[in-house]
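Here are a few notes to read alongside the model.

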Amino acid sequence: MVWTSTVPTLPTPAVFEPMFYAVLRGKKVLIMGANRFELTRGVCAASSFGLPFIHQLTDATPDLPYVAISLHLDTTMLTRVMLNMPKHDDRWTCAVAAGELNGLFGDPLARLIGLLNSPDDIGVLAPHYETEFYYRLLQSTMGDTLRQIGQRNERFQQLKTAADWLASNHNEPVNIPDLAASAGMSVTSFHRHFKGVTGFSPLAFQRHIRLLEARRLLASGSANVSRVAYEVGYVSPSQFSREYKGMFGSPPVTDLQR
């Protein structure tokens with residue numbers, strides 16, 4: 001997918017799925033909890049699983065528009081490529097990483113995108129270019145992060161399972177001791193490792209997911225503010241309104257009216 005803009009944007013929350021993202025012109029800031037990345041021309045980022053984040057374009061004009069590309073990662077193919085590579089030691093690292101868009105994986109990526117100009121070649125050549133792209137990406141400085149997708153690192157998988165549960169059950173109350181126990185960790189260890197991988201505390205992670213879902217519901221115009229607050233898991237509409245405004249910059253009723 002190609003992303004363009006001729007104007008800077010306000011900070012905007014979203015979810016960063018397993019994805020490769022590269023800036024070709026302009027500047028973008030990504031904030032994932034405690035982690036902050038400045039992506040300028042020739043800088044890219046990759047994520048091993050879905051993370052809530054805030055992004056903002058800070059350098060875009062009509063004469064020099066912001067341009068970026070993204071590619072959703074095929075985790076099955078990435079894992080298959082990993083299995084054919086020399087084994088690497090499992091390393092504990094954040095679920096998102098940034099690096100330079102260089103020739104190692106930049107060349108196969110360019111060839112892959114170039115197939116849009118020759119559709120008849122896509123069926124034969126695209127799988128080869130995509131395999132080479134994943135192979136080179138795994139060899140890059142972002143490789144440790146992406147190898148987490150296919151590694152059998154028990155600790156990482158336990159944290160990913162906890163993050164997936166928080167995302168899928170964003171409207172449920174969270175018992176941190178129980179969640180830590182399900183991951184086989186003490187509460188202190190769980191907090192430290194969860195933040196080390198995602199950039200968020202467990203409750204902050206869930207709060208971001210809740211508020212993103214609330215904004216989607218409000219934008220649909222299908223409910224009032226209080227009902228949305230309860231639906232996404234808040235017990236206090238006033239707290240919901242405060243946190244919503246803190247995250248999106250305007251109260252929830254604004255999105256409902258819009």
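**Notes on domains and helix packing**

1. The chain splits into domain 1 (1–151) and domain 2 (153–257), with bounds that come from an automatic or database domain assignment. Bear in mind that this is a predicted model, where local features need pLDDT of at least 70, side-chain atom pairs count only at pLDDT 80 or more, and totals for chains, interfaces and linings use all residues. Residues are numbered from 1 along each chain as its sequence is written, and side-chain values use heavy atoms, leaving out hydrogens and water.

2. How do the two domains sit together? Taken over C-alpha atoms, the centres of domain 1 and domain 2 are 25 Å apart. Each side brings 21 residues to the contact (heavy atoms within 4.5 Å). Between them about 1700 Å² is buried, 70% of it from carbon and sulfur atoms; buried area is the accessible area (1.4 Å probe) that two parts lose on being put together, summed over both.

3. Now look at helix 5 (residues 154–168) and helix 8 (residues 202–220), whose axes come within 9 Å and cross at roughly 40 degrees. Helices here are DSSP runs (H or I, at least four residues), numbered from the N terminus. From helix 5 the contact uses A163, L166 and A167, and from helix 8 it uses P202, F205, Q206 and I209. That makes 6 nonpolar residues, 1 polar and no charged.

4. Helix 5 also packs against helix 7 (residues 187–198), at an angle of about 85 degrees and with axes 10 Å apart. The pair is therefore roughly perpendicular (65 to 115 degrees). Among the residues that meet are F156 and L159 in helix 5, and F190 and F194 in helix 7.

Terms used
Axes fitted to C-alpha atoms, helices over the stretch in contact; angles between N-to-C directions. Helix = DSSP H or I, 4+ residues; strand = E, 2+ residues; numbered from the N terminus. Nonpolar A, V, L, I, M, F, W, Y, C, P; charged D, E, K, R; others polar. Parallel < 35°, antiparallel > 145°, perpendicular 65-115°, else oblique.
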